[in-house]
Amino acid sequence: MAKRILITGAAGFLGSHLCDRFIREGYQVIGMDNLITGDLKNIEHLMSHENFEFHHHDVTKFVHVAGKLDYILHFASPASPIDYLKIPIQTLKVGSVGTLHCLGLAKEKNARILIASTSEVYGDPLVHPQNEEYYGNVNAIGPRGVYDEAKRFQESITMAYHRFHGLETRIVRIFNTYGPRMRLNDGRVIPAFIGQALRGEDLTVFGDGSQTRSFCYVDDQVEGIYRLLLSDYSEPVNIGNPDEISILDFAKEIIKLTGTNQKIVFKELPQDDPLQRQPDISRAREILGWEPQVSREEGMKITYEYFKSMSASELEKREH
Ligand code: NAD
Ligand code: UDP
């Protein structure tokens, strides 16, 4: 009998790619989303699939699914800084109350649950690269605290369910991931720069651009999550690509990739913006036999093609 999996945040960027993967693997997939930052377009190709059903639901309200469930992937949460700064309370609620509901459902169904945590649990890290032993450097009351602390609470309550109820739990700490189906106007640096290049605007680098990030292509991320779910490992695991680059150098790469002649302009660095970020993936290598396969050059080409195929009116839509 086919395994049945609930994926929250299914209409979002990562959630929709996970739906695709589990459908491909022969699972029955229930996608759940309240569409607060997601888009049904990301899963419209699955709507008529016999193994897919969509539940329009807010996971901060009681979560119920009829029938058996083998697995839950809890991915519902705003993920981009401008999203979670705009909807701070919902961000805190989905990471706390929403996670509580998903854990309760997992317990009721005796299902294994994997929760989507983040490199943001390390805050503005004082240890570099970041391994899973590092406790982090988070400003709880700063503007990003609504996301970071929600995710830290999420990890904490997940481990409590694991230790106290013996629930099978998995925690993935996701580092900046990109690819097709990101929202062009979600404010994250990759869609922001590509959108600016396509519209012929200057590229906005925040601060002096010396802050670093390490970008992971979505297919690699999905593979890591898939392996972690099926592993027997309940401690957190970093999944990301260690190939680190400064934001200024990255802006220059985008100008080269898009063949545009855009200028770079410097804007104020947002408060608590982490100065450096690079995953130590030794644990993922050892436990999951996983490491990224897609170079930034390859992944960015695919992502650029995706955004380039958008219509002029889609490109013009702005959030702020
Ligand atoms: P996204 O915004 O594209 O997707 C999130 C989805 O969750 C959206 O479809 C949204 O509508 C849905 N959602 C939000 N609140 C909800 C609620 N209360 N009830 C039901 N659905 C709700 O973001 P993403 O990049 O796909 O991120 C998915 C998950 O991965 C998030 O938990 C995020 O914290 C985590 N993550 C992502 C990254 C990344 O680089 N993409 C990095 C670290 C962590
Ligand atoms: N950034 C930037 N210009 C933009 C958008 C983002 O310089 O138009 C910077 C941002 O300040 C951060 C980095 O790019 O240092 C990555 O930002 P993103 O929002 O993608 O992710 P996060 O900060 O959550 O890693």
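**The shell around ligand 1**

Modeller: By class, the shell around ligand 1 holds 13 nonpolar, 13 polar and two charged residues. Ala, Val, Leu, Ile, Met, Phe, Trp, Tyr, Cys and Pro count as nonpolar; Asp, Glu, Lys and Arg count as charged; the others, Gly among them, are polar. This is a predicted model: local features need pLDDT of at least 70, side-chain atom pairs count only at pLDDT 80 or more, and totals for chains, interfaces and linings use all residues. Residues are numbered from 1 along each chain as its sequence is written, while chains are lettered from A and ligands numbered from 1 in the order in which they are written.

Now look at who sits there. The shell has 28 residues, and G9, G12, G38, S77 and A79 come nearest to ligand 1. The largest share comes from α1, with three residues. A residue is near a molecule if its C-beta atom, placed from the backbone, lies within 6 Å of it. Helices (H or I, at least four residues) and strands (E, at least two) are DSSP runs, numbered from the N terminus.

The axes of α1 (residues 13-24) and α6 (residues 218-230) come within 10 Å and cross at roughly 65°. Each axis is a line fitted to C-alpha atoms over the stretch in contact, and angles run from 0 to 180 degrees between N-to-C directions. The crossing of α1 and α6 is right-handed. Right-handed means the near helix is turned clockwise from the far one by less than a right angle; anticlockwise is left-handed. Residues are in contact if their C-beta atoms, placed from the backbone, lie within 7 Å. Six of the residues in this α1 and α6 contact are nonpolar, two are polar and one is charged.

Next, take α3. The axes of α3 and α4 (residues 145-165) come within 8 Å and cross at roughly 15°. So α3 is roughly parallel to α4. Under 35 degrees is roughly parallel, over 145 roughly antiparallel, 65 to 115 roughly perpendicular, and the rest oblique. The α3 and α4 crossing is right-handed. Among the contact residues are P88, L92 and L103 of α3 and V146, F153 and Y161 of α4. By class, this contact of α3 with α4 has ten nonpolar, seven polar and two charged residues.

Now move to ligand 2. It is surrounded by 15 residues, the closest being R188, V189, A192, T204 and F206. Here α5 and β8 (203-206) are the elements that give two or more residues. The most come from β8, with three residues. The shell around ligand 2 divides into seven nonpolar, five polar and three charged residues.

From there, follow α5. The axes of α5 (residues 189-199) and α9 (residues 296-308) come within 10 Å and cross at roughly 55°. Therefore α5 is oblique to α9. Their crossing is right-handed. On α5, I190, P191, I194, G195 and L198 make the contact; on α9, T303, Y304, F307 and K308 do.

Two loops deserve a glance. Most residues other than glycine have a negative phi, and most peptide bonds are trans. The bond from H128 to P129 is cis, with omega near -10°. P129 is in the loop between β5 and α4. L35 has a positive phi, near 65°. L35 lies in the loop between β2 (28-33) and β3 (52-56).

Definitions and conventions. Contact = placed C-beta atoms within 7 Å.
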